[in-house]
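I opened my notebook to walk through this model with you. Here is what I looked up, entry by entry.

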Amino acid sequence: LFHSIDSTIGIECTEMQIQKVIDKKERTISLCFWDFGGECQYRDTHAFFSSSSAQYVIVFNVLYPSSKSLVNWFNLIQTTAPGAVVYLVGTHVKKASGKELKTAEDEVKAARKEWKPAFSPKITIIGGHNCSYW
C-alpha cells in the first residue's frame, strides 16, 4: 500500500479507489491514507492534518511496546481531533512469543489506564484479533 518499508519521513499520502455497489448503484469510494512520521520532530505538524471525522490507526511493534508512546499518541489525537475513532494495530505478532504478546498486552492496558483525557468528547480506542488489543 505504501511506497516504502522504511520509516516515514514527514507525511506519506496514498489514495485508493474502491468500486462498491451501494443502494443498487455502483459507486467509487476514495480512501486516503496519511502515514505520519512517528518521530518526535514531526509531531508538531500533525495538528495541521487532524480531523475529528477521520479515523486513526496507531501501529506499534508488539516486540517493543511502549505505554508511554501510546499515551503520547492518544493525547495528540485527543487534543487535535476530539471524538475521533482510534484503532490499535500490533505488528510482528507471528514473531512474538506468548510472553512477548502478554507484555505487549500489559503495555496497552497500562496506556489505556494511564491515559486521562482532559476534555470531552474523548477519542474511542478499538482493538481486535482474538483478544482485547490485536
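The model is predicted, so I read every value here as computed from it.

**Entry: overview.** I found three helices and five strands. Going from the N terminus, I noted the order β-β-α-β-α-β-α-β. The protein has 134 residues, and 28% of them count as buried.

Entry: I traced an open sheet of three strands, ordered E3-E4-E5, with parallel pairing. At its edges I found E3 (55-61) and E5 (124-126), each of which pairs on one side only. On average, neighbouring strands in this sheet are turned by 25° against each other, direction ignored. I then checked how E4 (residues 85-91) meets E5: three bridges join them. Across from Val86 I found Ile125 of E5.

**Entry: helix H2.** Which residues of H2 are buried? I listed Ser67, Leu70, Val71, Trp73, Phe74, Leu76, Ile77 and Gln78. I also checked the length of H2 (residues 67-80): its 14 residues should span 20 Å at 1.5 Å a residue, and the end C-alpha atoms are 20 Å apart, so the two agree. Last, I looked at its placement: H2 lies across E3, E4 and E5, and runs at about 170° to E3.

Methods
Residues numbered from 1 in each chain as written. Predicted model: local features only at pLDDT ≥ 70, side-chain atom pairs only at ≥ 80, totals over all residues. Heavy atoms only, no water. Helix = DSSP H or I, 4+ residues; strand = E, 2+ residues; numbered from the N terminus. Buried < 20%, exposed > 50% of the residue type's maximum accessible area, 1.4 Å probe, protein only. Expected span 1.5 Å × (residues − 1). Pairing = 2+ DSSP bridges. Axes fitted to C-alpha atoms, helices over the stretch in contact; angles between N-to-C directions. Contact = heavy atoms within 4.5 Å.
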